[in-house]
Amino acid sequence: MHPFRLFLLSTTTATALLAQGTPPPAGEEPVPLENFIVTAHPYGRNQAEIAQPTNVLSGTQLSLKQASSLGELLSGEVGVSSTWFGPGASRPIIRGLGGDRIRILENSTGTIDASVISPDHAVSIDPLLIERVEVVRGPASLLHGSTAVGGVVNVITHRIHTSPPADPVNGRVETRYNSVNDETAAGVVLEGGAGLLAWHLDAYRRETGDVRIPGFAQSARLRHEDDHDDDHEDHDHDEEPAFGRIPNTGLTADGAAFGLSLVGRSGYIGFSFSGHNTFYGIPAGAHVHHDGEHGHHDDHDDHHDEDHHEDHDDQGDGHGDAVDIDLHQRRFDLQGELRNPFAGFTSARFKFGTARYRHVELEDGELGTVFSNRGYDGRIELLHAPVGSFTGAFGVQAGHNRLNAVGAEAFLPSNKTTNRAAFLFEEAEFDSLIWQFGARIEDQDIALRDGSGVRRDDRGTSLSTALVWKLGDGWTLGSSLARTQRAPNAQELFSEGPHIGTNAFEIGDPTLRKENSAAIDVTLRKRTGTVTGAVTLFQNRFDGYIYEQATGRGVHVEEDGDYHFHGTYDPESGDLPEYRYIQRDARFHGAELEAIFHLHESDSHHLDLHVAADLVRGRSTEDRTDLPRITPRRLRAGILWIGNGLSLGADIEKVESQRRVALLETPTDGYTLVSAHAGYRFAFGRATCDIFVRGTNLGNREARPHTSFLKEVAPLPGRNVTAGVRLSF
């Protein structure tokens, strides 16, 4: 965990620093207060004036937290954990919600990849050269879509300039090394402009080996079961359990981007073209090989008692085939803004992104399943001038994804999904009160591309209201209430086949209805004084929460692709456990705490103590059972000293054991991770150099995140030392 530290910059200063990529002068970090963000608000406000809790990573914090995946980059943030499918693939989980309930954006448009489909599919963003990440915790569906019912993660790359660069040429060069997997990474950003023209170039490369761990890759429970089976069957496995490393977890990644903008007093227009490639291994034991293509079952008795089974994670014996994923994406973005376009409006904006995505899954070097996606995501916003005390925006959004899946893991039929939406956001400020209201109407159309003519059309309405009350002396009280409708996606409706990423045979339900949720947040913040921070209470009730439930049956997949069901799932049979998408009423509730104790403040030195904690519980209110893979309670504490360009810090994170599990789901033990970091910044001429070193998991402890499908076969990395240099000019 990195120190929790927030920055308050004036709108002009923040915009200039983000646009120019210019770091603060050596030894002159901004005053620790609040960050100016734009993801949750069309005009942009600082964090204290937004009702929803937010996280922001940028600058030195972002450098210290760097990881090979977006999920791991954010996993130390309050309220955020990750799916951890090895270094190559990891998505964020917010307050126990993940998958298609978390909207991941790149510069406010969708990522257009296949990461929602399976936890072993990577998000098509490498964090190495990103400028900033903004996280909105809780429902943020009004501006960004019904799939943001759990929150939004917006990655800002600044490849399209929105304001003129201050210098003809500026940029940064960065290189880093990780000891835990012998990672070497390097990247360069160059940008500048002349007159009305602004340009951007960046390129990066990352290469790693297998991840080192403090003990066995398999958990003690799994090894004990294997030993018991060996004794009972009087034979030994051909392979010894992996020790000291997680096999097949190396990766290579590279990419580049070019952007060009025309910026003037009346607005801007610009485009960027980017490419991202990665080749990464899936941890051994994550996949169990099944020959043949997707077929049809020969057992028509699909009825089962759903009231006595729950979701579980069974990882098999850990001796699956070596599976690698070769991923490529090419993306084009176009953005623009016209200021004061016509009477009554202050701004007209548009953002459009389109991409071609493809990844190939290789099984022992042989071609396996191919996933491809071609799509776009675009939005237009009109910001109106003040009408009395009200300001606001309204707009439209449209997206389209054409997904193809061919091969042994084609559990989801090829389909195309089209979304269209209209939204409204209004805000009024009355002395010490800020009131916000929003509405969104969204239509989703899914059509199968298998010649069956099957299609599904849903329309949903989302509403929210929020209030921020400035109490005085730096105190604010924020509350938000949201009602969101989310239509089931293609995977939840039409899956039917072996999904090796989750080691399950998944079956969708075309009769699933829309998922309705009602969420409330209450946040008390303090921005000034010896102690600053925030405490949040939240609750989200779902009517018809959609999730996978194990039926207790096993599915045997034949070599020709046909399959049939067995009455009871037996892990030793080589069958897959059957999972069905079902709907149950459910409730998520919890609390989050962030606090900074400013032990010493002067013009040149700061000494702060940081404390953070979060907890969430998710239960089916119908079955009165716990939901699977819910983040355990976590507590973090750290100390940070900054002075004269030097920073020193240490952190400790304690993750509790998770015993509140779904039926047949395995519990996990708690763990404690200790880290420390040091950095030095110095200037020469107009350039600034940052040297940093960070040690994580210094106690070399075994840590198995409960949110991971691979917790039984792939723990978190062991002791690691990261060293890096960044030169900004």
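E381 and R349 form a salt bridge, with their closest N and O atoms 3.5 Å apart. A salt bridge here is a side-chain nitrogen of Lys or Arg within 4 Å of a carboxyl oxygen of Asp or Glu. E381 sits in strand β19 (residues 366-387) and R349 in strand β18 (residues 345-363), so the pair ties together parts 32 residues apart in sequence. Strands (E, at least two residues) are DSSP runs, numbered from the N terminus. E381 counts as buried because its relative accessibility is 11%. R349, at 24%, counts as partly exposed. Buried means under 20% relative accessible area, exposed over 50%, and partly exposed in between (1.4 Å probe, protein chains only).

The model is predicted: local features need pLDDT of at least 70, side-chain atom pairs count only at pLDDT 80 or more, and totals for chains, interfaces and linings use all residues. Residues are numbered from 1 along each chain as its sequence is written, and side-chain values use heavy atoms, leaving out hydrogens and water.

Next comes E429. Its salt bridge is with K470, and the closest N and O atoms are 3.3 Å apart. This pair links distant parts of the chain: E429 is in strand β21 (residues 415-430), K470 is in strand β23 (residues 455-472), and they are 41 residues apart. E429 is partly exposed at 36% relative accessibility. K470 is partly exposed too, at 29%. A network of salt bridges links R45, E49, E427, E429 and K470.

R95 and D521 also meet in a salt bridge, 2.9 Å from N to O. They are 426 residues apart: R95 is in the loop between β5 (92-94) and β6 (102-106), and D521 is in strand β27 (residues 515-526). Both R95 and D521 are buried.

Conventions:
Helices (H or I, at least four residues) and strands (E, at least two) are DSSP runs, numbered from the N terminus.
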